[in-house]
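Me: I've got a structure open and I'd like to talk through a few bits of it. Can you take my questions one at a time?

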Amino acid sequence: MSNEETSKLAGNALAMAVLNAIQNPVVLVNAEGLIAFANWEAEAFFGASASHLARYKISTFIPFGSPLLELIEQVRERRAPVNEYRVDLSSPRLGQDKLVDLYVAPVVGEAGSVVVVFQERSMADKIDRQLTHRAAARSVTGLASMLAHEIKNPLSGIRGAAQLLETSVPDEDRNLTRLICDETDRIVSLVDRMEIFSDERPVDRTSVNIPSVLDHVKAIAQAGFARHLKITESYDPSLPPVFANRDQLVQVFLNLIKNASEAVGDRADGEIQLTTAYRPGIRLSVAGSREKISLPLEFCVHDNGPGVPADLLPHLFDPFITTKTNGSGLGLALVAKIIGGHGGIVECDSQTNRTTFRVLMPVSREAAEDDAPFAKDTGKAR
C-alpha cells in the first residue's frame, strides 16, 4: 500500500471518528438520494444501523411531503447551505414529537451529495422549560418565606381561640370549633411544606451510587403505597456515581414513584419501570457559575398510566399545579427545586400508557475525570 493510500485511509478513519463524536444525527445523502453515511446518533435517530440505512433513499425514512426533501433539492441547485428551524418529522417510523432544526450543506467535490445535520428541538425546549421551572421555584421561595412569617403566627391565635370556645359552646356546636382547628392545622402543614423552598443552604454532596438509592426507594414503595404494583429495573451496570445528596435523591425518587403509582391507580396490569443510562453530550449553565456542566447521567421513572393531559404538561413542575383532588401541587415543584439545586434537570414525556419522568445529572467529581473515555466506550457499544 502506498503512502498516499495509507494517508487517505487514516484521514477517512479520523473523519469517521469526528462524525461519530458529534452528539447530533448526521447523514450523507448522495446524488441518487441514498444514505451513504450515518453517524451513531443518526442510527439512534432513525432506529436502524448505518448498513441498513445505506440500502434506502432518505425519502423512505422521512414523512411524505416533508420540507427536508425540498431543502435537499434546494441545496443541490444553489450549491449553498440552508438552515430550517422547527421542522416536524413525526411519523410512526420515527416516533412522536420529532421536532428538529435542520442544517443542509453541499459536499465539495461530490456532485449532488449533501450533508444533513439534525438538531432535535425536544431537549433544547426541555432545558428552556427547566429554566422556567427554576424561576418559578425562586418565586415560591419568596412566597414561602412570606407565608411562614405572616400567616403562621395569626393561625396559632385562631387555633387557640377556637380551643377556648370549645369549652364554652354547646355540644352541638363543638364540631364547628373542631373544624376550625383541623383546617388551621391543614394550613400550617401546607405552609411548613412550602418552607422547604426557602431553604437556600448549600447542599452536602458526595459520590452516590444511584442503583442503591433506587433499590431503597423501591423497597419503601413496595412496603406501602405501591404494594399492588409491579416495579421492574433496567440499570446500566457500568454507570459512574452521581455527585449528589443521597437523602434528597431518596426524596426525589420517592416523590416520582408515588406520583407514578397514583397515576397507574388500581389497574390490574399496572407497572412502574426504573431505568438508568449514560447520555453524553448534554451541557447546562448553572446559576452562580460561569462554567457549563455535563449532564450525562439519566435516571427515569416510567409508568403505564393514562398519561398527563397535554395542556398540563408544560406546567407540570410549576407550584400548585396538580390533577389530584386533594393534591397541593408542591411535590413535583420540590423535585424540580432539588434537582435544579444539584445542577441537573428533570422533565416529563407523556402519552397514553407511557409516561416518563427523566432526571439528568452530573457525575461525581472523581468519575468526571474519566468521563471522556467512558463516553467513548459507551458510544462504541451502540
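Me: How many bridges hold S4 and S5 together, and in which sense do the strands pair?
Reply: Keep in mind that this is a predicted model. S4 covers residues 99-106, and S5 covers residues 114-120. The two strands pair in the antiparallel sense, and the count is 7 bridges.

Me: Which residue in S5 stands opposite Leu102?
Reply: S4 runs over residues 99-106 and pairs with S5. Look across to S5 from Leu102 and you land on Phe118.

Me: What is the bridge partner of Val27 in S5?
Reply: S5 also pairs with S1, in the antiparallel sense and over 4 bridges. S1 spans 26-29. For Val27, the partner in S5 is Val116.

Me: Where does Asn30 lie, and is it buried or exposed?
Reply: Asn30 sits in the loop between S1 (26-29) and S2 (35-38). The cut-off for buried is under 20% relative accessible area. Asn30 comes in at 17%, so Asn30 counts as buried.

Me: What kind of aromatic pair do Phe45 and Phe46 form?
Reply: Searching the whole structure turns up 6 aromatic pairs. In the Phe45 and Phe46 pair, the ring centres are 5.1 Å apart and the planes make an angle of 85°. Planes over 60 degrees apart get a name of their own, so this pair is edge-to-face.

Me: Are Phe45 and Phe46 buried or exposed?
Reply: Phe45 has a relative accessible area of 4%. Phe46 has a value of 4% too. The cut-off is under 20%, so Phe45 is buried and Phe46 is buried.

Me: Which residues do ring pairs link into a cluster with Phe45 and Phe46?
Reply: One of them has come up already: the S5 residue opposite Leu102. The residues joined to Phe45 and Phe46 by ring pairs are Tyr56, Phe61 and Phe118.

Me: How many of the residues in H10 are buried?
Reply: H10 covers residues 331-341 and is mostly covered. Among its buried residues are Leu332, Val335, Ile338 and Ile339.

Me: Which residue just after H10 takes a positive phi?
Reply: Just after the helix, phi is about 80° at Gly343.

How values were computed. Residues numbered from 1 in each chain as written. Predicted model: local features only at pLDDT ≥ 70, side-chain atom pairs only at ≥ 80, totals over all residues. Heavy atoms only, no water. Buried < 20%, exposed > 50% of the residue type's maximum accessible area, 1.4 Å probe, protein only. Pairing = 2+ DSSP bridges. Phe/Tyr/Trp six-rings, centres within 6.5 Å; stacked < 30°, edge-to-face > 60°.
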